[in-house]
Amino acid sequence: MSEETSSQRAQPLPKLPASLHVEQRGDVLIIKLNRAEKRNALNDDTVLGLETLIDALPKDIKCIVLHGDGDHFSAGLDLSELRINSIEDGVRHSSSWHRIFNKMEFGQVPIVAVLHGAVVGGGLELAATAHVRIAERSAFYALPEGVRGIFVGGGGSVRVPRLIGTSRMVEMMLTGHVLPAEEGQALGLSHYLVGEGEGLAKALDLAGKIAKNSWVTNFGIIQALPRIAEQDRASGYVMEALMAAIAGGSEEAKARVSAFLEKRAPKVSVE
Ligand code: 1HE
């Protein structure tokens, strides 16, 4: 990664709320939830700011790192803004989170999230949109919606069961069960478990690798693969064959495979 900073960028980033801090490092964009005084609770400004950013993502960004300022990743929905006065209000609000979180999960670039402290409610829903999750040992996961008399609304009931199973999510919501980082790692809420304060460096390392992948392969991984996994087998094989043909036939694939055959590319090795 080059050390280019946001001020040197050709394509400016959009204006964002103070609750979001962004910094570009080479082809990686670091997004920091920047509302530590409210434990990075997700107010409308923040969630809409994420959409503004994703919609205007410059083409030279190849991967996003998402993390939170202070002691917690995110305390979830900003409860002080919970004003549902009709079913229509509630559906519109939840649907807006669905729209924005879908843009993140099924966007143009992979997202690596660093989780620490509270990853709860809407914070867990946000984390679940990321493609790679790194947890620090302080991370804990909960869905306190049951206790608060509300329900998940940011796609949690779609994404979280796909990570840990419906039964575990039902239990978490019914009982308010708080899962420590180790348990979250064992269940698949995180892919990596690292020491306190080590998450961002790990995320930047992984983001650097992801950014070096071929664009078309990353597209296939975040767009085609999850859809194939949800299709019937026959449709899945067709989509996989098409994706394999598109990626494998690209000039970039030819160059990368030749580099390996000519011993100019690294081997697969255990780090
Ligand atoms: C908040 C929020 C919030 C903190 N909305 N203001 N989420 C929850 O039910 C989790 C609620 N939060 C907590 O349980 C705790 O705040 C934490 C365990 C995350 C952190 O505890 P702590 O002791 O470090 O902080 P604190 O003293 O509780 O909070 C500091 C301030 O942040 C305080 O405000 P202040 O003005 O008194 O300083 C808190 O009120 C504020 N704060 N969390 C609003 N969530 C799309 S649907 C999704 C549905 C959900 O996400 S439900 C889960 C909501």
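1. Glu136 stands opposite Val194 in β9. Strands β6 and β9 (residues 192-194) pair in the parallel sense, over three bridges. Two strands count as paired if DSSP finds at least two bridges between them. Strands here are DSSP E runs of at least two residues, helices are H or I runs of at least four, and both are numbered from the N terminus.

2. A note on the source: this is a predicted model, in which local features need pLDDT of at least 70, side-chain atom pairs count only at pLDDT 80 or more, and totals for chains, interfaces and linings use all residues. Residues are numbered from 1 along each chain as its sequence is written, and side-chain values use heavy atoms, with hydrogens and water left out.

3. Strand β6 (residues 132-136) also pairs with β4 (residues 111-115), in the parallel sense over four bridges. Val112 has Val132 of β6 as its bridge partner. Is β6 buried or exposed? Five of its five residues are buried, so β6 is largely enclosed by the rest of the structure. Buried means under 20% relative accessible area, exposed means over 50%, and partly exposed lies in between (1.4 Å probe, protein chains only). In a regular strand the side chains alternate between the two faces of the sheet. Both faces of β6 are covered: Val132, Ile134 and Glu136 lie on one side, Arg133 and Ala135 on the other.

4. There is also an open sheet of three strands, ordered β5-β7-β8, with mixed pairing. β5 (118-120) and β8 (179-180) stand at the edges with a single partner strand each, so one side of each has no neighbour in the sheet. β5 and β7 (residues 140-142) run parallel and are joined by three bridges. Val119 stands opposite Tyr141 in β7.

5. Now helix α1 (residues 44-55). The 12 residues of α1 should span 16 Å at 1.5 Å a residue, and the end C-alpha atoms are 16 Å apart, which agrees. The expected span is 1.5 Å times one less than the number of residues. Buried residues in α1 are Thr46, Val47, Gly49, Leu50, Glu51, Leu53 and Ile54. Their cover includes β1 (20-25), β2 (28-33), β3 (63-68), α2 and α3.

6. How do α1 and α2 (residues 87-105) meet, and at what angle do they cross? Their axes come within 9 Å and cross at roughly 35°. Axes are lines fitted to C-alpha atoms, for helices over the stretch in contact, and angles run from 0 to 180 degrees between N-to-C directions. On the α1 side, the contact is made by Asp44, Val47, Leu48, Leu50, Glu51, Ile54 and Asp55. On the α2 side, it is made by His93, Trp97, Arg99, Ile100, Phe101, Lys103 and Met104. Contact means heavy atoms within 4.5 Å.

7. Helix α5 (residues 156-164) has Gly156, Arg159, Val160, Pro161 and Ile164 as its buried residues. Their cover includes α2, α3 (122-127), α6 (166-175) and α7 (181-187). Gly165 follows α5 and has a positive phi, near 95°.

8. Two backbone angles deserve a look. Most residues other than glycine have a negative phi, and most peptide bonds are trans. Arg39 has a positive phi, near 55°. Asn40 also has a positive phi, of about 55°, although it is not a glycine. Arg39 is partly exposed, at a relative accessible area of 45%. Asn40 counts as buried, at 1% relative accessibility.
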